[in-house]
Amino acid sequence: MSSKVGNTAEKTRTLRRFCAATVVALFPLLSVTSAQAEELNEQVAQRIEQMTGKTLLFRNDSDRIPQLEYLRPDGTGFVWSAALGDKVVPVVWTASNGDDGKGALCLLFKGTDIGTAENLRLCDGLDIVESGIRDARDGDPYGLTDVTQMTAELPQDVDGLADVDRLLGRE
């Protein structure tokens, strides 16, 4: 009988160690998910939903650097920016209600993808983001998810997706 108790106790210890190791291994993933899963108010959630699953030509008035952004609903995306020439880089995006309750969108670029020593996190209020959207199309018409480099550099003077079509010979 003591043999059965010993085996049961050993199985219980092994199971506890496995569970503890699993929690330790998954904790960083759980904390990232919870950080991205902030409870968005209804208005912000609708605004974010309008930007996901689409390719957006974004260009704000302050830096005048155009970029194509394809933001997937799962919090990932891809960016082709005039600042990066012909490179397409993956991003992780997060949304929040922002300090004013009107929403904020942040893009996180890995430093290794953009040629810097540190990661770059760009955040703007949704009012600024929406005012910088110059054009949009459903889906990923330029295949940003499938490439790391485009056939041309994105020029500074792009004003609409028709300009991108001409650049890529898709008229």
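pLDDT is the predictor's confidence in each residue, from 0 to 100. It matters here, for this is a predicted model. The mean pLDDT of the protein is 83. Of its residues, 76% reach 70 or more.

Now take the overall plan. The protein has 5 helices and 7 strands. Read along the sequence, they follow the pattern α-α-β-β-β-β-β-α-β-α-β-α. Buried residues make up 33% of the 171 residues. Look also at contacts with a separation of 6 or more: 51% of them come from residues 24 or more positions apart.

Next, the sheet. Its 7 strands form an open sheet in the order β6-β5-β4-β3-β2-β1-β7. The pairing is antiparallel. Two strands sit at the edges, β6 (120-125) and β7 (133-138), and each pairs on one side only. Neighbouring strands are turned by 25 degrees against each other on average, direction ignored.

Then β2 (residues 67-71) pairs with β3 (residues 76-81), antiparallel, over 5 bridges. Tyr70 stands opposite Phe78 in β3.

The antiparallel strands β3 and β4 are joined by 5 bridges. Trp80 stands opposite Val88 in β4. These two strands make a hairpin with 6 residues between them. In that hairpin, Gly85 takes a positive phi near 70 degrees. From β4 to β5 there are 6 bridges, and these strands also run antiparallel. Ser96 stands opposite Ala104 in β5.

Go back to β1 for a closer look. How many of the residues of β1 are buried? The count is 5 of 5. Both faces of the strand are covered. Lys54, Leu56 and Phe58 lie on one side, while Thr55 and Leu57 lie on the other.

What does Phe58 touch, not counting residues up to four places away in sequence? The list is Ile65, Pro66, Gln67, Glu69, Ile128, Val129, Gly132 and Ile133. Take Val129 from that list. Phe58 and Val129 are 71 residues apart in sequence, yet 7.8 Å apart in space, C-alpha to C-alpha.

Helix α2 comes next. Its buried residues are Val44, Arg47, Ile48 and Met51. Why do they lie on the same side of α2? They cover an arc of only 95 degrees around the axis, so they share one side of the helix. The face of α2 turned away from the buried side carries exposed residues: Glu42, Glu49 and Gln50. And what covers the buried residues of α2? The cover includes β1, β2, β4, β5, α4 and β7.

The largest nonpolar core has 17 residues. Those with the most contacts inside it are Ile48, Trp93, Leu105, Leu107 and Phe109. Helix α2 (42-51) supplies at least two residues of this core, and so do β1 (54-58), β4 (88-96), β5 (104-109) and α4 (126-132). The largest share, 4 residues, comes from β4. A second, separate core has 15 residues, including Met150, Leu154, Leu161 and Leu168.

Finish with Phe109. Leave aside its neighbours within four places in sequence. Phe109 is then in contact with Val79, Val89, Val91, Ile114, Asn119, Leu120 and Leu122.

Terms used:
Residues numbered from 1 in each chain as written. Predicted model: local features only at pLDDT ≥ 70, side-chain atom pairs only at ≥ 80, totals over all residues. Heavy atoms only, no water. Core = buried A, V, L, I, M, F, W, Y, C linked by side-chain atoms within 4.5 Å. Buried < 20%, exposed > 50% of the residue type's maximum accessible area, 1.4 Å probe, protein only. Contact = heavy atoms within 4.5 Å. Pairing = 2+ DSSP bridges. Axes fitted to C-alpha atoms, helices over the stretch in contact; angles between N-to-C directions. Arc of directions from axis to C-beta.
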